[in-house]
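Hello,

Here is the structure I promised to pass on. Please open it alongside this note; my findings follow below.

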Amino acid sequence: MTVAILRATMDTVDQAMAQALQLINYQPKKEAFFLKPNVADAGPVEQGILTHPRVVEAFMKLYPGKEFVIGESGIVGRDSRAALEKTGYKALADAYGASLV
């Protein structure tokens, strides 16, 4: 496995995502992506306790026309669907025609 770590802000996340994928020479081999954003619960996205939707969106922007599924299984006893909605992932899925599971 190859990893790239880059410093980014919400203003530079699109460029950083593209650069990271270029650094590891990422070449998708399939037509669909399953994205798991680590939304364990419905917390504020600005606190860094989950992957900010802008980071996932930066990846999605790089592959227009591909199929995306955003999926999560949160903390036991918590509503994963509600967490995805509250943190902006439902809106992201709707904007890109992605499935939400």
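Start with aspartate 14. It counts as partly exposed, because its relative accessibility is 25%. Bear in mind that this is a predicted model.

Aspartate 14 has two salt-bridge partners to look at. Its side chain meets that of lysine 61 at 3.0 Å, N to O. That pair joins helix 2, where lysine 61 sits, to helix 1, where aspartate 14 sits, across 47 residues of chain. Lysine 61 is partly exposed, at 40% relative accessibility. Arginine 54 also forms a salt bridge with aspartate 14, at 3.5 Å, N to O. Here the two residues are 40 apart, again linking helix 1 and helix 2.

Now the helices themselves. Helix 1 (residues 13–23) packs on helix 2 (residues 53–61) at about 60°, and the axes are 9 Å apart. That angle makes the pair oblique. The crossing is right-handed. Val13, Asp14, Met17 and Leu21 of helix 1 meet Arg54, Val55, Ala58, Phe59 and Lys61 of helix 2. By class, that contact has six nonpolar, three charged and no polar residues.

The whole structure holds six salt bridges. Lysine 36 is partly exposed at 47% relative accessibility, while glutamate 72 is buried at 11%.

Last, leucine 84. It lies in helix 3 (residues 80–86) and is buried, at 1% relative accessibility. Its contacts beyond four places in sequence include Glu72, Pro37 and Leu100.

Best wishes

Notes: Residues are numbered from 1 along each chain as its sequence is written. This is a predicted model: local features need pLDDT of at least 70, side-chain atom pairs count only at pLDDT 80 or more; totals for chains, interfaces and linings use all residues. Side-chain values use heavy atoms; hydrogens and water are left out. Helices (H or I, at least four residues) and strands (E, at least two) are DSSP runs, numbered from the N terminus. Buried means under 20% relative accessible area, exposed over 50%, partly exposed in between (1.4 Å probe, protein chains only). Contact means heavy atoms within 4.5 Å. Axes are lines fitted to C-alpha atoms, for helices over the stretch in contact, and angles run from 0 to 180 degrees between N-to-C directions. Angles under 35 degrees count as roughly parallel, over 145 as roughly antiparallel, 65 to 115 as roughly perpendicular and the rest as oblique. A crossing is left-handed if the near helix is turned anticlockwise from the far one by less than a right angle, and right-handed if clockwise. Ala, Val, Leu, Ile, Met, Phe, Trp, Tyr, Cys and Pro count as nonpolar, Asp, Glu, Lys and Arg as charged, and the others, Gly among them, as polar. A salt bridge is a side-chain nitrogen of Lys or Arg within 4 Å of a carboxyl oxygen of Asp or Glu.
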